[in-house]
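Biologist: Walk me through this model. Take one feature at a time, rule before case.

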Amino acid sequence: MSQVTYDTAVSSKRMWAGRILSALAALLLLFSGAMKLLKAQAVIVGMTHYGYPEHLILNIGILEVACTIVYLIPRTAILGAVLMTAYLGGATATNVRVGDPSFIGPVIAGVFVWAGLYLRDPRLSALIPVRR
């Protein structure tokens, strides 16, 4: 079985741009997950507004933090991006279902997840080339 390697170097500017976008998305989700784990009053009110019972908040927070941790580990970053995208898709659908215009937030976070990974991982850049 042949093994494919990617020796393409990523420029320093591109790497840092990717790290910053990835960090923004990760910090957003870690903060959100931590608030759910702490069961902050604002989270309880918000989740009730979205139609989620209070007993699910802890599970959702664990899921959110776990997906983000998988994303932050370089070897599992692509799997983490897929998991975070799924989570954010659910958040988007929930916002749309209740008619909340803040659905754009999870969409932007998802774009940051993939843009950050695209900029810092040459394997993903090779898989999805952008033509000029």
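Biologist: Which residue forms a salt bridge with aspartate 121?

Modeller: This is a predicted model, where local features need pLDDT of at least 70, side-chain atom pairs count only at pLDDT 80 or more, and totals for chains, interfaces and linings use all residues. Numbering starts from 1 along each chain as its sequence is written, and side-chain values use heavy atoms, with hydrogens and water left out. A salt bridge is a side-chain nitrogen of Lys or Arg within 4 Å of a carboxyl oxygen of Asp or Glu. Here arginine 123 pairs with aspartate 121, with the closest N and O atoms 2.8 Å apart.

Biologist: Is aspartate 121 buried or exposed?

Modeller: Buried means under 20% relative accessible area, exposed over 50%, partly exposed in between (1.4 Å probe, protein chains only). Aspartate 121 has 8% relative accessibility, so it is buried. Arginine 123 has 40%, so it is partly exposed.

Biologist: How many salt bridges does the structure hold?

Modeller: It holds 2. Glutamate 64 and lysine 36 also meet through their side chains, at 3.0 Å, N to O. Glutamate 64 sits in helix 3 and lysine 36 in helix 1, so the pair ties together parts 28 residues apart in sequence. Both glutamate 64 and lysine 36 are buried.

Biologist: How many helices and strands does the protein chain have?

Modeller: Helices (H or I, at least four residues) and strands (E, at least two) are DSSP runs, numbered from the N terminus. The protein chain has 6 helices and 0 strands.

Biologist: How much space lies in the largest pocket?

Modeller: Rolling a probe the size of a water molecule over the atoms shows where empty space is left. On a 1 Å grid over the protein atoms alone, a pocket is an open set of points where a 1.4 Å probe fits, with protein on both sides within 12 Å along at least five of seven lines; lining residues have an atom within 4 Å of a point. Points are joined across faces, edges and corners, and the volume is the space filled by probe spheres set on them. The largest pocket holds about 670 Å³. Its lining has 26 residues, and those closest to the centre are Ser32, Lys36, Glu64, Tyr87 and Ala91.

Biologist: Which helices each supply at least two residues of that lining?

Modeller: Helix 1 (12-37), helix 2 (41-49), helix 3 (57-72), helix 4 (77-97) and helix 5 (104-120).
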